[in-house]
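Hi everyone, thanks for coming. Please have a look at what is on the screen, and I'll walk you through it.

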Amino acid sequence: MKHVFSTKLVLVLALLISILQVTDSFAVAPKRDFYQLIIYKLKTAEQESRLDNYLQNAYLPAMHRAGIEKVGVFKPILAPDAAEPAEKLVYVFIPFKSQDEWSNLEAKLMKDKTYLEEGKDYIDTPWDKPVYSRMESILMRAFVDQPHFQMPNLSGPKSERVYEFRSYEGPSEKLYVNKVDMFNAGGEVKLFKRLNFNAVFYSEVVSGAAMPNLIYMTTFENKADRDAHWKAFSADPEWKTLSSMPKYQHNVSKNDTRFLRPTDYSDI
């Protein structure tokens, strides 16, 4: 009888352990943020002024009321001696807790009377006086190793900060997945974190104009700080080992790097 009892006890304990293991496997896979990046393309200073007014006084306040606490607004950093570009760009980064939150946003905004009033110049702009020449929308899903966006830990003024926006295009879907794996399982995200690159987000592009690709953004106090960080990254033994691994070769066909700065009214 004792033998039968002990056998049953062992089976019950094994079943409990199995249940706990399954439960734990679900627990270690947190939900990942869903991101939208809107890139406005402008031709005139007047358009830029109108867009700034809309974003600062109508859009961002409405987003806050809708439960989205942080929205980033960025513009390209121009070299001191550079001529004014023919096309002005404004980047708007919106972090959502889920894809459903993104899909429900428009309906929320259309019910926000304050937004509709404050954003009237943008919303009801006449056909012959548009606020922008074109806009691009990129949808993204956060990486497994950084499932949520992070506020950068910077102390310097926004006017000196450098936000580095990088888009890595893959030669094929399979090789693109390989580069994403290099960031996650390969440890590239952890390496950036160890070297204090202050990454706002890492993402897989779900829908965009340059697929397949991934996009991420790191932040620095200033240009000198940025250069020092990348120098340390290039010389790091862990990076040299990771980048020389045969399985991670030739997984990026194009690196599009842009240097941005947050506007005065940006939340991020």
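**A walk around the barrel**

Let's begin with helix α2, residues 45-65, which lies across β1, β2 (72-76) and β3 and runs at about 10° to β3. Contact here means heavy atoms within 4.5 Å. Axes are lines fitted to C-alpha atoms, for helices over the stretch in contact, with angles from 0 to 180 degrees between N-to-C directions. Helices (H or I, at least four residues) and strands (E, at least two) are DSSP runs, numbered from the N terminus.

A word on the source: this is a predicted model, where local features need pLDDT of at least 70 and side-chain atom pairs count only at pLDDT 80 or more, while totals for chains, interfaces and linings use all residues. Residues are numbered from 1 along each chain as its sequence is written, and side-chain values use heavy atoms, leaving out hydrogens and water.

Overall, the chain has nine helices and eight strands. How do the strands close up? Eight of them form a barrel with antiparallel pairing, in the order β1-β3-β2-β8-β5-β7-β6-β4. On average, neighbouring strands of this sheet are turned by 35° against each other, ignoring direction. Two strands pair if DSSP finds at least two bridges between them.

Now zoom in on β1, residues 34-42. Eight of its nine residues are buried, and buried means under 20% relative accessible area, exposed over 50%, partly exposed in between (1.4 Å probe, protein chains only). On one side, nine bridges join β1 to the antiparallel strand β3, residues 88-96; there, leucine 42 has lysine 88 as its bridge partner. Eight bridges also link β1 with β4, residues 134-142, again antiparallel, and isoleucine 39 stands opposite glutamate 136 in β4.

Elsewhere, helix α8 (residues 223-235) lies across β5 (162-169), β7 (213-220) and β8 (254-262), at about 45° to β5.

One last stop: lysine 190, in helix α7, residues 188-194. Is lysine 190 buried or exposed? Lysine 190 counts as exposed because its relative accessible area is 51%. Leaving aside neighbours within four places in sequence, lysine 190 is in contact with Asp145 and Asn184. Lysine 190 and aspartate 145 sit 45 residues apart in sequence, yet 7.9 Å apart in space, C-alpha to C-alpha.

To finish with the whole chain: of its 268 residues, 41% count as buried.
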